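Please keep the viewer open as you read.

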Amino acid sequence: MKKIPRNPKQIFAICVLFIFLFAHVACSVEPLIHSEKQLEHGVEVISVKGDWSYQVVTVRVPYIGIEGDKKTGLARVVIPVRKLKETKKLPAFCHVHYEKDIPGAKKWAEKGWIVSTAVYTPADGEPPIDAAPGNGYNLARAIIQWIKRL
């Protein structure tokens with residue numbers, strides 16, 4: 001039988017190693033959503049954050065503006081990872097008109113929904129909120145179409 005280390009330096013070293021390994025595993029989550037590289041104007045994943053319970057994915061969504069111009073907007077999806085693994089298919093809730101915050105989205109995700117929302121940045125952000133209501137509508141439709149493809 002192996003002896004349990006009682007030396008404070010050994011205990012400290014083991015704790016640091018454990019914390020390093022746990023932090024590495026928690027930060028290296030396998031993304032559930034990827035960029036749509038096969039599509040000419042596909043959605044591009046910007047960031048994936050999360051753990052074994054939820055993934056929060058931020059994407060850049062291309063859409064057509066009300067004047068026929070090409071635009072991009074940001075969207076965020078909160079995915080309940082455990083529930084998705086249990087059922088393999090979940091209903092989607094697209095929150096439009098104003099941005100749904102992450103804690104609020106997680107409340108819906110706890111009930112088994114995949115929650116998507118447009119992400120509105122300030123005027124100096126990427127891309128800023130579009131003042132034209134029609135463009136907001138077109139962005140919302142593009143987000144819904146993307147979620148349907150998932």
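## Ground rules

A residue is called buried when its relative accessible area is under 20%, exposed when over 50%, and partly exposed in between, using a 1.4 Å probe and protein chains only. The model is predicted, so local features need pLDDT of at least 70 and side-chain atom pairs count only at pLDDT 80 or more, while totals for chains, interfaces and linings use all residues. Residues are numbered from 1 along each chain as its sequence is written, and side-chain values use heavy atoms, with hydrogens and water left out.

Helices (H or I, at least four residues) and strands (E, at least two) are DSSP runs, numbered from the N terminus.

## The sheet and its helices

Start with the sheet, which is open and has 5 strands in the order E1-E2-E3-E5-E4, with mixed pairing. Two strands pair if DSSP finds at least two bridges between them. E1 and E4 are the edge strands with a single partner each, so one side of each has no neighbour in the sheet. From one strand to the next, the twist averages 20°.

E2 and E3 run antiparallel and are joined by 11 bridges. Within that pairing, valine 56 has valine 78 in E3 as its bridge partner. H3 packs on the sheet, touching E2, E3, E4 and E5 (114-119), and its direction makes about 50° with that of E3. H4 also packs on the sheet, with contacts to E2, E3, E4 and E5, and its direction makes about 125° with that of E2. Here contact means heavy atoms within 4.5 Å; axes are lines fitted to C-alpha atoms, for helices over the stretch in contact, and angles run from 0 to 180 degrees between N-to-C directions.

## Salt bridges

How many salt bridges are there? With a side-chain nitrogen of Lys or Arg required within 4 Å of a carboxyl oxygen of Asp or Glu, the count comes to 4. One of them joins glutamate 36 and arginine 149, at 2.8 Å from N to O. Glutamate 36 sits in the loop between H1 (8-27) and E1 (44-50) and arginine 149 in H4 (residues 133-149), so this pair ties together parts that are 113 residues apart in sequence. Glutamate 36 is buried at 10% relative accessibility, whereas arginine 149 is partly exposed at 44%.

Another salt bridge joins glutamate 44 and arginine 60, whose closest N and O atoms are 2.7 Å apart. The two lie 16 residues apart, glutamate 44 in E1 and arginine 60 in E2 (residues 54-64). Both count as partly exposed, glutamate 44 at 37% and arginine 60 at 22%.

## A closer look at arginine 76

Is arginine 76 buried or exposed? At 9% relative accessibility, arginine 76 counts as buried. Arginine 76 forms a salt bridge with glutamate 99, with the closest N and O atoms 3.0 Å apart. Arginine 76 lies in E3 (residues 70-80), and glutamate 99 lies 23 residues away in the loop between E4 (92-95) and H3 (102-110). Glutamate 99 is partly exposed at 27%.

The side chain of arginine 76 also reaches the backbone oxygen of lysine 100 at 2.6 Å. Leaving out residues up to four places away in sequence, arginine 76 touches several others, among them Val56, Thr58, Asp101, Ile102, Val115 and Thr117.

Technical notes: A polar contact is a pair of N or O atoms within 3.5 Å; within protein, one must be able to donate a hydrogen and the other to accept it, and residues adjacent in sequence count only if both atoms are side-chain atoms.
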